[in-house]
Amino acid sequence: MKNTLVRATALDNNIRISSVITTNVVEEARKRHDTYPVATAALGRVLTGTLLLTWGLKEEGSITVRVLGDGPLGGIVATANPYGEVRAYVQEPHVDLPLNKLGKLDVGGGVGKGMLHVSKDLGIKRPYTGSIPLVSGEIGEDLAQYLLISEQTPSLVSVGVLVDTDNSVLAAGGLVIQALPGASPIILEKIEENLKNVKPISTLINEGCNAEKLIEIYLNDIDYKVLEERFVNFRCKCSKERLEGILISLGKKEIKDIIEQDENAEIRCHFCNKYYNFDKEELKKLIK
Ligand code: ZN
């Protein structure tokens, strides 16, 4: 299925909706980072949620979500831009946990207690960062809380990842509904009430719902207007030049030690897991 992000508005522009299918994007992240199921689900939810928050970003802008919990997964970081490009990593990809009480992958247990930070880089001045304590570590609730507290926008956030028995990603995606100041205060409650009869989002996607169909199901009898649809994909803009900067920041002494001891350095990009090798000659150039 097409992995696209759809944006829509409803009720005279008083609520706005973003909906995204990320099955292939999360599968790409899983392969790059070799994540186990609970890590795949956590990383996939953060990555999906980050794409959902890109509304309003201009050309040079980006948004970074950092979920820093004390659970076995460690930190989870994702960055997305307005072109639907996202990159993400989880600190500990090889975490295995028993299913939670509901029989689902225990993302909350893997994340633990901690903080959620959302940084918006609008490409003009310094990035703006909003932070909240994690509510449950299940990501959807945490992002909704962030939107309520930091952006004063009551919101409903669903993010879901369905992992297959062979550990690959069967379905992934998410949806956010934001009530803007002119919206009736009870509109989200009404939508939430309706959702009690709706299947989990990853099940809907696995059954073939595309991004727009998800909006139709979530809004039930509310009319909406689609504003745009764009493809989403996993993309990291790392390069050897950018990673040179990391080496240089280690300091000349450290680089000299590497040259003497190992003769070369292998630097890994956290976001996409790509390795860059610097040989002796290249290292020497860095300390000139
Ligand atoms: Zn990279």
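How many of the 7 residues of E2 are buried? In this predicted model, the count is 6 of 7, and E2 is thus described as mostly covered.

E2 belongs to an open sheet of 5 strands, arranged in the order E8-E9-E2-E1-E10 and paired in the antiparallel sense. At the edges are strand E8 (155-163) and strand E10 (224-231), each of which pairs on one side only. From one strand to the next, the twist averages 10°.

Strand E1 (residues 4-10) is joined to E10 in the antiparallel sense over 7 bridges, and here Ala-10 stands opposite Tyr-224 of E10. Two helices pack on this sheet. Helix H2 (residues 37-52) touches E1, strand E2 (15-21), E8 and strand E9 (169-179), and the direction of H2 makes about 145° with that of E8. Helix H7 (residues 211-219) packs on the sheet as well, with E1, E2, E8, E9 and E10 as the strands it touches. For H7, the direction makes about 135° with that of E2.

On its way through the sheet, E2 pairs with E1 over 6 bridges, again in the antiparallel sense. Within this pairing, Arg-7 has Ser-18 of E2 as its bridge partner. The hairpin of E1 and E2 has 4 residues between the strands, and Leu-11 takes a positive phi near 50° there. E2 also pairs with E9, antiparallel and over 7 bridges.

The zinc ion is coordinated through the SG atoms of Cys-236, Cys-238, Cys-269 and Cys-272, at 2.2 to 2.3 Å. Angles among the 4 donor atoms run from 102 to 115°, and the site is tetrahedral. For four tetrahedral donors, the ideal angle at a metal is 109.5 degrees. Along the sequence, the donor residues follow the spacing C-x1-C-x30-C-x2-C. Cys-236 sits in the loop between strand E11 (233-234) and helix H8 (240-250), while Cys-272 sits in the loop between strand E12 (265-268) and strand E13 (275-278), so this pair ties together parts that are 36 residues apart in sequence.

A search of the whole structure returns 0 disulfides.

Finally, Asp-121 provides a view of another region. This residue is found in strand E6 (residues 114-121), and with a relative accessible area of 27% Asp-121 is partly exposed. Leaving aside residues up to four places away in sequence, Asp-121 touches Leu-57, Gly-61, Ser-62 and Pro-127. Between Asp-121 and Val-226 there are 105 residues of separation in sequence and 26 Å in space, taken from C-alpha to C-alpha.

Terms used:
Residues numbered from 1 in each chain as written. Predicted model: local features only at pLDDT ≥ 70, side-chain atom pairs only at ≥ 80, totals over all residues. Heavy atoms only, no water. Donors = N, O, S within 2.8 Å, 3.2 Å for Na, K, Ca; no water. Tetrahedral: all angles 85-135°; square planar, octahedral: opposite > 155°, others 65-115°. Disulfide = S-S within 2.5 Å. Pairing = 2+ DSSP bridges. Axes fitted to C-alpha atoms, helices over the stretch in contact; angles between N-to-C directions. Contact = heavy atoms within 4.5 Å. Buried < 20%, exposed > 50% of the residue type's maximum accessible area, 1.4 Å probe, protein only.
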